[in-house]
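Please look over the model below. The report that follows covers its sheet, its helices and its core.

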Amino acid sequence: MIKGFGGIFWRTKNLDTTKKWYSEVLKIDLENWNGTMIKPESGNETIFSFFTEDDSYFPTEQQVMLNFQVHNLDETIHHLEQIGVPLEKDKEVSEYGKFTWIKDPDGRLVELWEK
């Protein structure tokens, strides 16, 4: 029945700061309607997964976590270092890929994933 995600929507404390951060840090081209269309590339997957309330994978006070796939995590980390965005978690490598976390201006953890 479901053919894909239609969008991700959330509230922010400071719209201009958050838009600027996502544009500069993650290179997301945001349009004047405060959003963008991210078109999936071949081989790209979107994971929909539940966690228990007390799961420690991400902070329990954060109800939802964004995960963005990147082409090359090492290049992404280099970009983050150059613009002064600290990693909240050292790069982790597992059978699922490579991961790291950063925080957005509202303090939400954002996971970056190279498959």
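## Sheet, helices and core

Helix 1 (residues 15-26) lies across strand 1, strand 3 and strand 4, at about 145 degrees to strand 3. Helix 2 (residues 73-83) lies across strand 2, strand 3 and strand 4, at about 20 degrees to strand 3. Axes are lines fitted to C-alpha atoms, for helices over the stretch in contact, and angles run from 0 to 180 degrees between N-to-C directions. Contact means heavy atoms within 4.5 Å. Helices (H or I, at least four residues) and strands (E, at least two) are DSSP runs, numbered from the N terminus.

This is a predicted model, in which local features need pLDDT of at least 70 and side-chain atom pairs count only at pLDDT 80 or more, while totals for chains, interfaces and linings use all residues. Residues are numbered from 1 along each chain as its sequence is written, and side-chain values use heavy atoms, with hydrogens and water left out.

The 4 strands form an open sheet in the order 1-4-3-2, with mixed pairing. Strand 1 (66-69) and strand 2 (89-94) are the edge strands, and each pairs on one side only. Neighbouring strands are turned by 25 degrees against each other on average, direction ignored. Two strands pair if DSSP finds at least two bridges between them.

| Strand pair | Sense | Bridges | Partner residues |
|---|---|---|---|
| Strand 3 and strand 4 | antiparallel | 6 bridges | Ile102 and Val110 |

Strand 3 and strand 4 form a hairpin with 5 residues between them. Gly107, in the turn, has a positive phi of about 85 degrees.

Strand 4 is largely enclosed by the rest of the structure, because 6 of its 6 residues are buried. Buried means under 20% relative accessible area, exposed over 50%, and partly exposed in between (1.4 Å probe, protein chains only). Leu109, Glu111 and Trp113 point one way from strand 4. Val110, Leu112 and Glu114 point the other way.

**The core.** A nonpolar core is a set of buried Ala, Val, Leu, Ile, Met, Phe, Trp, Tyr and Cys residues joined through side-chain atoms within 4.5 Å. The largest one has 15 residues. Tyr22, Leu26, Phe68, Ile102, Val110 and Leu112 touch the most other members. Helix 1, strand 1, helix 2 and strand 4 each supply at least two residues. Helix 1 gives the most, with 4 residues. Not counting residues up to four places away in sequence, Ile102 touches residues including Trp21, Leu26, Leu80 and Val110.

**A buried threonine.** Thr100 is found in strand 3. Thr100 is buried, with a relative accessible area of 0%. Its side chain reaches the backbone oxygen of Lys89 at 2.6 Å, a polar contact (a pair of N or O atoms within 3.5 Å; within protein, one must be able to donate a hydrogen and the other to accept it, and residues adjacent in sequence count only if both atoms are side-chain atoms).

**Helix 2.** Which residues of helix 2 are buried? They are Leu73, Thr76, Ile77, His79 and Leu80. They cover an arc of only 155 degrees around the axis, so they sit on the same side of helix 2. The arc is that of the directions from the helix axis to the C-beta atoms. These buried residues pack against helix 1, strand 2, strand 3 and strand 4. The face turned away from the buried side carries the exposed residues Glu75, Glu81 and Gln82. At the start of helix 2, a side-chain oxygen of Asn72 reaches to within 3.0 Å of the backbone nitrogen of Asp74. Gly84 follows helix 2, and its phi is positive, near 80 degrees.
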